[in-house]
Amino acid sequence: MSPWYVLLVLLVGAERVAELVVARRNARWSLARGGEVFGRGHYPWMVALHTGLLASCLLETGLAHRPFVPALGVPMLVLVAAAQGLRWWCITALGRQWNTEVIVVPGLPRVTRGPYRLSWLRHPNYVAVAVEGAALPLVHGAWATAAVFTVLNAVLMVVRVRCEAAALTTLAPARAPGEAAA
């Protein structure tokens, strides 16, 4: 296993820690304003899946002696970087409403800026998760990790999207940019 791949996985892990810092700050803000948490049952499974992804990337690559194949690894690295960019675009667009948990603050409108203004892309953050979950292992040939994560993530996303859809029905209708609240 290449030392640079270990560094890449550690950097993605550090990015996840940064997400958790932002999420905890946003959760405190949301809960202080009467926010309601939805879907607590599936959240621990998400944490386990994402932690397992990072560990499995290193384990499979090391134990199975997966080679780095530039024709696959380089495009997958580009996809990992693109997924990170999309994820942080989502985080920035949602502002204090972004969280790793589903938390809805009564009276806040649905966000319609950033990638959320694209009606054809309903869940851009989950697209970023799916792309990263497949691409990160494939950077260094960990195809089993990519396959298992993709299947488990798809199952979990069905639960998560249903939970989020139900939670979002409690939000105020979206306002047009510049429109004042009623």
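**Before the close-ups: terms for accessibility.** A residue is called buried with under 20% relative accessible area, exposed with over 50%, and partly exposed in between, using a 1.4 Å probe and protein chains only. The structure is a predicted model, in which local features need pLDDT of at least 70 and side-chain atom pairs count only at pLDDT 80 or more, while totals for chains, interfaces and linings use all residues. Residues are numbered from 1 along each chain as its sequence is written, and side-chain values use heavy atoms, with hydrogens and water left out.

**View 1. Ala81 in helix H3.** Ala81 sits in helix H3; helices here are DSSP runs (H or I, at least four residues; strands are E, at least two), numbered from the N terminus. Ala81 and Ala18 are 63 residues apart along the chain, and 16 Å separates their C-alpha atoms.

**View 2. Trp4, Tyr5 and Phe68 make up one aromatic cluster.** Rings of Phe, Tyr and Trp (for Trp, the six-membered ring) pair if their centres lie within 6.5 Å; planes under 30 degrees apart count as stacked, over 60 as edge-to-face, and the rest as tilted. This rule gives a count of 2 aromatic pairs. With a relative accessible area of 29%, Phe68 is partly exposed.

**View 3. A salt-bridge network joins Glu15, Arg16, Glu19, Arg87 and Glu132 through shared partners.** A salt bridge here means a side-chain nitrogen of Lys or Arg within 4 Å of a carboxyl oxygen of Asp or Glu. The count by this rule is 6 salt bridges. One of them joins Glu15 to Arg87, with the closest N and O atoms 3.9 Å apart. This pair bridges distant parts of the chain, Glu15 being in helix H1 and Arg87 in helix H3, 72 residues apart. Both ends have a burial value to look at: Glu15 counts as buried at 12% relative accessibility, and Arg87 counts as buried at 2%. Which residue does Arg16 meet in a salt bridge? The partner of Arg16 is Glu132, at 2.8 Å from N to O. Arg16 lies in helix H1 and Glu132 in helix H4 (residues 124-138), so this contact ties together parts that are 116 residues apart in sequence. Arg16 and Glu132 are both buried.

**View 4. Glu60, His65 and Arg66.** The side chains of Glu60 and Arg66 form a salt bridge, 2.9 Å from N to O. Glu60 counts as buried because its relative accessibility is 10%. His65 belongs to the loop between H2 and H3. At 66% relative accessibility, His65 counts as exposed. Take a look at the backbone here, too: His65 is not a glycine, yet has a positive phi of about 55 degrees. For background, most residues other than glycine have a negative phi.

**View 5. Arg24, Arg25, Arg28, Arg33 and Arg96 gather in a surface patch of positive charge.** Patches are built from residues with over 30% relative accessible area and no salt bridge, joining like charges within 9 Å and nonpolar side chains (Val, Leu, Ile, Met, Phe, Trp, Tyr) within 5 Å. Accessible areas come from the Shrake-Rupley method with a 1.4 Å probe, and for residues only the protein chains shown count as cover. Lys and Arg count as positive and Asp and Glu as negative, while His and the chain ends are not counted; each charge is placed at NZ of Lys, CZ of Arg, CG of Asp or CD of Glu. Arg24 lies in helix H1 (residues 3-32) and counts as exposed at 56% relative accessibility. Arg28 is found in helix H1 and is exposed, with a relative accessible area of 56%. The C-alpha atoms of Arg28 and Val139 are separated by 36 Å, and these residues are 111 residues apart along the chain.
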